[in-house]
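Please open the structure in your viewer and keep the selection panel at hand. The stops below proceed from pockets to a strand residue and then to a helix.

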Amino acid sequence: MISVPANVTKNDNYDFIVRPCFAINIFFITFDLLCSLSSFHIKIKKMQTIDNYNFAGKKAIIRVDFNVPLNENFEVTDDTRIRGALPTIQKILSDGGSAILMSHLGRPKSGPEEKFSLKHVIPVLSAHLGKTVRFANDCIGEDAKKLSSTLQPGEVLLLENLRFHSAEDKIKTVDEQEATRNFARKLSGYADVYVNDAFGTAHRAHASTAVIADFFDDDHKMFGYLINKELEAMDRVLLQSEKPFTAIMGGAKVSDKIQVIDNLLDKVDNLIIGGGMTYTFIKARGGQIGNSLCEEDKLDIALELIEKAREKGVNLLLPVDQVLADKFENTAATLVTDIDNGKPGYMGLDIGEESISLFRKVILESKTILWNGPMGVFEMPKFQNGTVSIAKIIAESTEKGAFSLVGGGDSVAAVNKFGLADKISYVSTGGGAMLEYIEGKVLPGIKAING
Ligand code: AMP
């Protein structure tokens with residue numbers, strides 16, 4: 001409100017006070033409106049999606065995850081990741097576009113190495129696509145430039161391993177960051193549109209996973225089908241979980257998963273702990289663990305997690321019995337004891353039958369299940385029973401209607417090894433990326449497109 005001085009008349013009032021005030025108000029209202037419209041515009045900015053984009057006549061550069069295992073003859077022994085990328089490639093080709101595929105394979109130290117060459121995936125990829133795949137033997141060389149510029153609609157070009165160039169993933173110093181930007185700029189120059197479909201590397205801010213997105217505007221960068229599916233599955237578990245929600249965490253070390261467990265305690269009804277990480281909890285609460293794996297410096301954290309679970313009303317289940325071994329070998333002499341009664345000279349390498357029954361009851365009552373990390377040293381047949389049993393119980397619960405998400409290299413290897421992958425609702429392709437997403441971290445590869 002503006003107060004009018006006592007000595008002004010009604011007309012003065014209008015000319016000197018009301019009119020200017022009116023004008024000022026209009027100015028501010030218009031300004032406000034423009035501001036809110038622009039922020040509204042930002043909020044409603046629609047992300048480009050692969051389904052909405054017509055690739056006809058366009059070249060798409062796709063970050064895929066072809067980091068597949070090869071045997072000594074350089075043959076692909078598990079093509080899950082190649083199959084995972086097919087829907088995106090096929091959509092682009094069927095629209096009338098062409099696909100330039102880029103990936104890493106392994107961890108080459110410095111420059112090209114035969115065992116890390118992506119040319120080894122060509123036979124499997126060609127067979128799946130039913131067409132010849134061209135190959136550029138240096139991802140940013142003259143070869144790649146020429147092959148990409150002459151690529152015709154319907155054709156596929158695979159670039160050699162990105163990590164043969166340190167600029168792909170060495171980004172510590174300012175000079176390295178500059179080299180990474182230049183490298184990403186070169187890759188972006190091959191195509192009209194960028195598609196990221198490599199969830200397994202979405203937690204890395206590398207040239208091909210994040211930096212390259214800067215060289216495409218919002219209408220020309222998007223996720224592929226695989227990343228979309230991963231995010232959907234993860235959000236279904238983390239944001240829209242049907243209760244009861246049970247998380248099963250296993251694997252070797254608790255230190256790798258503290259943040260994940262901490263974050264999950266706000267979401268789950270039951271938290272099952274198994275595998276080597278069990279023993280840090282058991283020792284922390286005063287049990288005898290003999291030679292079992294233990295992280296002495298994480299005993300306090302283990303106790304804090306137990307206490308936090310209690311405060312939040314989360315049912316934290318540790319194994320109640322264990323298979324002890326006198327050495328870390330499949331030929332070891334074994335015995336079964338209560339979990340708190342380890343034996344000097346022995347190490348716990350699997351959970352026992354009583355633990356399996358306890359976990360079974362909870363898993364079968366669950367409507368949402370998240371599993372990461374094996375229950376024992378499942379690589380050795382003598383200690384695989386706990387992991388196989390939990391995988392089977394998750395499959396059984398899924399059949400009864402639960403939504404199950406399994407992620408992390410070893411748990412995925414376990415469900416594959418036991419032939420249960422198609423009985424799980426979703427098997428994630430990204431171990432580290434999945435864990436970081438569950439920790440609540442922003443993944444650079446996702447942010448690069450989502451903003
Ligand atoms: P992670 O990468 O943390 O998920 O750990 C997976 C590894 O943990 C696998 O190689 C298992 O063999 C190992 N593991 C599981 N349980 C145990 C255990 N009780 N003692 C030692 N290693 C284990």
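By class, how many nonpolar, polar and charged residues does the lining of the largest pocket have? The lining comprises 17 nonpolar, 18 polar and 15 charged residues. Please note throughout that this is a predicted model.

**The largest pocket**

This pocket has a volume of about 1,300 Å³. Select Asp65, Asn67, Arg81, Thr429 and Gly430, which are the closest to its centre among the 50 residues that line it. Next, colour the elements that give two or more residues to this lining: α2 (80-95), α6 (225-238), α12 (409-417), β15 (426-427) and α13 (431-439). Helix α13 provides the largest share, with six residues. If the view is coloured by domain, the lining of the largest pocket will be seen to draw at least three residues from each of domain 1 (50-229) and domain 2 (241-438).

**The second largest pocket**

At least two lining residues come from each of α8 (278-284), β12 (347-351), α12 and α13. Here β12 makes the largest contribution, five residues. Sorted by class, this lining has 14 nonpolar, 14 polar and six charged residues.

**Ala325**

Select strand β10 (residues 321-325) and find Ala325 in it. Is Ala325 buried or exposed? Ala325 counts as buried because its relative accessibility is 0%. Display its contacts beyond the neighbours within four places in sequence: Ala332, Ala333, Thr334, Gly345, Tyr346, Met347, Leu349 and Phe383.

**Helix α11**

Finally, select α11 (residues 385-399), a helix of 15 residues. From its first C-alpha to its last, α11 reaches 21 Å, close to the 21 Å expected at 1.5 Å a residue. The helix is mostly covered, with eleven of its 15 residues buried; among them are Val388, Ile390, Ile393 and Ile394. Which elements do the buried residues of α11 pack against? Show β7 (245-249), β12, α10 (353-365), β13 (368-372), β14 (403-406) and α12 to see these partners. The tour ends at Gly401, which follows α11 and has a positive phi, near 120 degrees.

Key:
Residues are numbered from 1 along each chain as its sequence is written. This is a predicted model: local features need pLDDT of at least 70, side-chain atom pairs count only at pLDDT 80 or more; totals for chains, interfaces and linings use all residues. Side-chain values use heavy atoms; hydrogens and water are left out. On a 1 Å grid over the protein atoms alone, a cavity is a set of points where a 1.4 Å probe fits but cannot get out, and a pocket is an open set with protein on both sides within 12 Å along at least five of seven lines; lining residues have an atom within 4 Å of a point. Grid points are joined across faces, edges and corners, and a volume is the space filled by probe spheres set on the points. Helices (H or I, at least four residues) and strands (E, at least two) are DSSP runs, numbered from the N terminus. Ala, Val, Leu, Ile, Met, Phe, Trp, Tyr, Cys and Pro count as nonpolar, Asp, Glu, Lys and Arg as charged, and the others, Gly among them, as polar. Domain bounds come from an automatic or database domain assignment. Buried means under 20% relative accessible area, exposed over 50%, partly exposed in between (1.4 Å probe, protein chains only). Contact means heavy atoms within 4.5 Å. The expected span of a helix is 1.5 Å times one less than its number of residues.
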